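Let's walk through this fold together, one packing arrangement at a time. Keep the viewer open as you read.

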Amino acid sequence: MLHIHRLTSVDEVDRQAAGPLISALQRRPDTVLGLATGGTPIGLYRELIAAYTRGEISFAQAVTFNLDEYIGLSSEHPQSYRYYMEQNLFAHIDLPRERAFLPNGATSDLALACERYEQQLESYGYPDVQVLGIGHNGHIAFNEPADELQADTHVVQLTDTTIAANARFFTNPQEVPRQAITMGIASIMKAKTIVLIAKGSDKAAIIREALFGPIRTQCPASLLQLHPDLHVFVDSEAGSELP
Ligand code: F6R
């Protein structure tokens, strides 16, 4: 079932989108959260940190799984997603690092790293709440548009659009990794609740296509239409083309 939350400002999107995560943690301290990186969820993480600082939630028993990680960057590299999570969330809350999972993109045995990540997800029963952003090409996590999509955690070649979009975070565009490990579409769809966030006019067309266009692998986010509990949070710009 699709719930669209159209909000007037980006701040309101951050506040409201944090709601399902905060209430899940309040209901069950050992909640499993699925997390994303990129520009979109930074404000949501700020809201989680604020709720933690106010004593409303604790992550002491929580578990987190990130959607994806670049291949070939060490966890100390400022553009690795592990580093991003430390900066934007982990360093400010009481989450034990042994339960903060990200795919290991710094290993030589990538197939094993993928298999292990899926097993870890399975052993924790997949996320209770999964946060997602959306790429301009309709990707979710790093599941890029293609004729076929992979179900489980796997290695992907990033598309030129994604490399170009992510180049803004690197000093030299040549440094953007060409590969990543990502959770698959089935892994993502196993989350009990999905929180999909889109902000800004540049996401307006793709969010409309994802939610109201045909369900097709060339727009991976369109598969979310099949999810039983999908909450979409958009600001007025990203929501401007929604019916
Ligand atoms: C990040 C991720 C990506 C981003 C998407 C949107 O972990 O998996 O799918 O959510 O590329 O990125 P931003 O938020 O930077 O527009």
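The buried residues of helix H7 (204-212) pack against strand S1 (2-6), strand S9 (193-198) and strand S10 (230-234). Those buried residues are Ala204, Ile206, Ile207, Ala210 and Leu211. Buried here means under 20% relative accessible area, with exposed over 50% and partly exposed in between, using a 1.4 Å probe and protein chains only. Contact means heavy atoms within 4.5 Å. Helices (H or I, at least four residues) and strands (E, at least two) are DSSP runs, numbered from the N terminus.

A word on the origins of all this: the model is predicted, so local features need pLDDT of at least 70 and side-chain atom pairs count only at pLDDT 80 or more, while totals for chains, interfaces and linings use all residues. Residues are numbered from 1 along each chain as its sequence is written, and side-chain values use heavy atoms, leaving out hydrogens and water.

S1, S9 and S10 belong to an open sheet of 7 strands, ordered S1-S10-S9-S6-S2-S3-S5, with parallel pairing. Two strands count as paired if DSSP finds at least two bridges between them. At the edges are S1 and strand S5 (100-101), each of which pairs on one side only. S5 is joined to strand S3 (residues 63-66) by 2 bridges, and these two strands run parallel. Within that pair, threonine 64 is opposite alanine 100 of S5. Helix H4 (residues 110-123) lies across both S3 and S5, at about 145° to S3. Axes are lines fitted to C-alpha atoms, for helices over the stretch in contact, and angles run from 0 to 180 degrees between N-to-C directions.

There is another sheet to find. Its 3 strands form an open, antiparallel arrangement in the order S4-S8-S7. Strand S4 (68-70) and strand S7 (154-157) are the edges; each has a single partner strand, so one side of each lacks a neighbour in the sheet. From one strand to the next, the twist averages 30°. S7 and strand S8 (residues 179-182) are antiparallel and joined by 4 bridges. Histidine 154 has threonine 182 as its bridge partner in S8, while glutamine 157 is opposite glutamine 179. The covered face of S7 carries His154 and Val156, and the uncovered one Val155 and Gln157.

Finally, some helix pairs. Helix H1 (residues 10-27) packs on helix H2 (residues 42-53) at an angle of about 55°, their axes 8 Å apart. That makes H1 oblique to H2; the cut-offs are under 35 degrees for roughly parallel, over 145 for roughly antiparallel, 65 to 115 for roughly perpendicular, and oblique for the rest. On the H1 side, Asp14, Arg15, Ala17, Ala18, Leu21 and Ile22 meet Gly43, Leu44, Glu47, Leu48 and Ala51 of H2. This contact has 7 nonpolar, 1 polar and 3 charged residues, where Ala, Val, Leu, Ile, Met, Phe, Trp, Tyr, Cys and Pro count as nonpolar, Asp, Glu, Lys and Arg as charged, and the others, Gly among them, as polar.

H2 also meets helix H3 (residues 81-88): their axes come within 10 Å and cross at roughly 45°. H2 and H3 are therefore oblique to each other. Ile42, Tyr45 and Ile49 of H2 make the contact with Tyr84, Met85 and Asn88 of H3.
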